[in-house]
Amino acid sequence: MSQSTFSVETDARLTTVDVTDRVAAAVPDDLESGTATAFVRHTTAGLAVQENESRLRGDLETFLRDLVPDEGHAHDRLDGNADSHLRATLVGPDVTIPVEDGELALGTWQSVFLVECDGPRSRTVSVTTVGE
């Protein structure tokens, strides 16, 4: 088992950042098969596997914005970002990807995205790999 971390800088309140190459770089050279689990260490960001197409990424942002209103939540009385927590809950904090022949076994159109729900911020992603 191995673990590493990397940081992601975001530039908008709700946005997506392709982190596929950084997750792939965390796979140790000697790992032929197993799994890689990426986990974002924040409650207002998530990780998703999806196609890296700009219109679809925009659609994802619009979907989350439309699904969860910006205001009107009880938690807003504390720090004004309940919408970010709720959106991140829908996305989830982690993804697990098979590793085959030392590479992430993603499908043809799949990429790994950090979904920022309360930016701009600096986010930390940890990647844990386990061999078979």
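Modeller: In strand 7, glutamine 110 is the bridge partner of glutamate 51. Serine 111, also in strand 7, is the bridge partner of glutamine 50. These pairs belong to the pairing of strand 4 with strand 7, which is antiparallel and extends over 7 bridges. The model in which these pairs are found is a predicted one.

Taken together, the 3 strands form an open sheet in the order 2-7-4, with antiparallel pairing. Strand 2 and strand 4 are at the edges, and each has a single partner strand, so one side of each is left without a neighbour in the sheet. From one strand to the next, the twist averages 35°. As a general point, the strands of a sheet pair through backbone hydrogen bonds, in either a parallel or an antiparallel manner.

How many of the 7 residues of strand 7 are buried? The count is 6 of the 7, so strand 7 is largely enclosed by the rest of the structure. Apart from neighbours within four places in sequence, serine 111 is in contact with Asp18, Thr20, Ala48, Val49, Gln50 and Asn52. Among these is Gln50, its bridge partner.

What lies across the sheet? Helix 2 lies across strand 2, strand 4 and strand 7, and it runs at about 140° to strand 2. Helix 2 comprises the 14 residues 54–67. At 1.5 Å a residue it should span 20 Å, and its end C-alpha atoms are 20 Å apart, which agrees. Its buried residues are Arg57, Glu61 and Leu64. They cover an arc of only 65° around the axis, which places them on the same side of helix 2.

In helix 4, the buried residues are Ala82, Asp83, Ser84, Arg87 and Ala88. What covers them includes strand 4, helix 2 and helix 3. Serine 84 lies in helix 4, which consists of residues 82–91. Serine 84 is buried, with a relative accessible area of 0%. Its side chain makes a polar contact with the side chain of aspartate 118, at 3.4 Å. Leaving aside neighbours within four places in sequence, serine 84 is in contact with Asp118 and also with Arg13, Thr43, Thr44 and Cys117. Just after helix 4, glycine 92 takes a positive phi of about 95°.

Proline 120 lies in the loop between strand 7 and strand 8. A cis peptide bond joins glycine 119 to proline 120, with omega about 0°. Aspartate 101 lies in the loop between strand 5 and strand 6. It has a positive phi of about 55° although it is not a glycine. Aspartate 101 is exposed, with a relative accessible area of 65%. For comparison, most residues other than glycine have a negative phi, and most peptide bonds are trans.

Terms used: Residues are numbered from 1 along each chain as its sequence is written. This is a predicted model: local features need pLDDT of at least 70, side-chain atom pairs count only at pLDDT 80 or more; totals for chains, interfaces and linings use all residues. Side-chain values use heavy atoms; hydrogens and water are left out. Helices (H or I, at least four residues) and strands (E, at least two) are DSSP runs, numbered from the N terminus. Buried means under 20% relative accessible area, exposed over 50%, partly exposed in between (1.4 Å probe, protein chains only). A polar contact is a pair of N or O atoms within 3.5 Å; within protein, one must be able to donate a hydrogen and the other to accept it, and residues adjacent in sequence count only if both atoms are side-chain atoms. Contact means heavy atoms within 4.5 Å. The expected span of a helix is 1.5 Å times one less than its number of residues. The arc is that of the directions from the helix axis to the C-beta atoms. Two strands pair if DSSP finds at least two bridges between them. Axes are lines fitted to C-alpha atoms, for helices over the stretch in contact, and angles run from 0 to 180 degrees between N-to-C directions.
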